[in-house]
Amino acid sequence: SKGLIVLACLLSAWASRAQRPVRVGLVADKSLGSFPFAYQDPSTPGSAGLTGYEVALMQHICRHANFSCEPVLLPNLEDRIFALENQTIDWTISRK
C-alpha cells in the first residue's frame, strides 16, 4: 500500500505539469486472457464500458492523485513496452 501511495505522489507531481490527460496503456483483449484484468463490458460500448482490476486500479490512482486519465487499449502485452518507449502512453499497469 505504501508503494501505491508513493506511485500516486510521483505521478501527481508529473501530471501537474501535463496539460492533457495521462495516457494509461491497458491490454483489453479476451483472446489474450485479459479478463478479469481489463475487458470491455458488452452492454456498454466505448471506453465507458471498459472494466476490470487494472481499470479499477488506474481509476483509483488517478482519483487519489487528482488528475484525469485516458485508457489506451493495446493489442498485446509486448506493445506496452513499445508504447512507453515511443511515448504513446505515459504509464501502464500490468499484472506480470
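1. A word on what you are looking at. This is a predicted model, in which local features need pLDDT of at least 70 and side-chain atom pairs count only at pLDDT 80 or more, while totals for chains, interfaces and linings use all residues. Residues are numbered from 1 along each chain as its sequence is written, and side-chain values use heavy atoms, with hydrogens and water left out.

2. The overall layout. The protein chain has 3 helices and 5 strands, where helices (H or I, at least four residues) and strands (E, at least two) are DSSP runs numbered from the N terminus. Read from the N terminus, the order is α-β-β-β-α-β-α-β.

3. The sheet. Three strands form an open sheet in the order E4-E1-E5, with parallel pairing; two strands pair if DSSP finds at least two bridges between them. Strand E4 (69-74) and strand E5 (91-92) are the edges, each pairing on one side only. E1 (residues 22-27) is joined to E5 by 2 bridges and to E4 by 6 bridges. Among the bridge partners, Leu 26 goes with Leu 73 in E4, Val 24 with Trp 91 in E5, and Gly 25 with Thr 92 in E5.

4. Strand E1 under cover. Buried (under 20% relative accessible area, 1.4 Å probe, protein chains only) describes 6 of the 6 residues of E1. Val 22, Val 24 and Leu 26 point one way, and Arg 23, Gly 25 and Val 27 the other way. For the protein chain, 29% of its 96 residues count as buried.

5. The cores. A nonpolar core is a set of buried Ala, Val, Leu, Ile, Met, Phe, Trp, Tyr and Cys residues joined through side-chain atoms within 4.5 Å. The largest has 13 residues, and Val 24, Leu 26, Val 55, Met 58, Phe 67 and Trp 91 touch the most other members. E1 and H2 are the elements that give two or more residues to this core, and H2 supplies the largest share, 5 residues. Apart from this core lies another, of 5 residues, including Val 27 and Val 72.

Technical notes: Buried means under 20% relative accessible area, exposed over 50%, partly exposed in between (1.4 Å probe, protein chains only).
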